Amino acid sequence: MKLRDANINDIPALRTLEQAVVTAERPFNSNIKESDVTYYDLEHLLDNVDSKLIVIEDKQHIIACGYCQIRQSKNAYNHDRHGYLGFMYVDSAYRGKGLNKDVMQHLMAWAQTQHIRDFYLDVYAGNNPAIKAYRKLGFQNSLIEMKLHLE
């Protein structure tokens with residue numbers, strides 16, 4: 001298996017993984033459309049110096065991915081910028097092998113070279129396997145998003 005930076009040629013495979021993420025998240029959010037949904041601006045993530053998008057390949061097949069984007073923090077925080085982690089996905093056949101951990105540690109190490117020490121990510125409240133994986137890396141619950149749909 002090989003961990004590497006994603007490139008423009010990976011976009012078709014990444015779009016397939018993106019749809020797998022959407023499918024996995026639909027049970028946690030009834031507001032996600034049933035048709036193909038685009039979550040990520042992959043071209044921007046690839047071209048922006050404040051972003052790093054990586055993949056793990058096995059036999060030239062992308063089996064895992066993730067990105068870190070350096071963002072401005074809220075004025076109330078004691079840090080000006082933070083790393084936002086997203087598009088964390090591991091093919092189901094490769095789960096339980098520590099690949100998500102490898103991706104996240106690689107991305108956080110990159111961000112630390114950019115003087116980033118604070119990291120955030122979003123995860124659905126009912127997505128217990130993901131929550132467990134993120135907690136293993138030291139992440140803690142921070143904010144609960146609440147929603148209401150009025151007819």
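This is a predicted model: local features need pLDDT of at least 70, side-chain atom pairs count only at pLDDT 80 or more; totals for chains, interfaces and linings use all residues.
Modeller: Local features need pLDDT of at least 70 and side-chain atom pairs count only at pLDDT 80 or more, while totals for chains, interfaces and linings use all residues. Residues are numbered from 1 along each chain as its sequence is written, and side-chain values use heavy atoms, with hydrogens and water left out.

Biologist: Why is the pair of Y40 and F87 called stacked?

Modeller: Rings of Phe, Tyr and Trp (its six-membered ring) pair if their centres lie within 6.5 Å; planes under 30 degrees apart count as stacked, over 60 as edge-to-face and the rest as tilted. The centres of Y40 and F87 are 4.3 Å apart and the planes stand at 20°, so the pair is stacked.

Biologist: What makes Y40 count as buried?

Modeller: Buried means under 20% relative accessible area, exposed over 50%, and partly exposed in between (1.4 Å probe, protein chains only). Y40 has 11% relative accessibility and therefore counts as buried. F87, at 2%, also counts as buried.

Biologist: Why is the pair of Y77 and Y120 called stacked?

Modeller: Their ring centres are 6.1 Å apart and their planes are at 10°, so this pair is stacked. Y77, at 35% relative accessibility, counts as partly exposed, and Y120 is partly exposed at 26%.

Biologist: How do you know that D58 has no salt bridge?

Modeller: A salt bridge requires a side-chain nitrogen of Lys or Arg within 4 Å of a carboxyl oxygen of Asp or Glu. For the buried D58, the nearest side chain of opposite charge, K59, is 4.5 Å away; Lys and Arg count as positive and Asp and Glu as negative, with His and the chain ends not counted.
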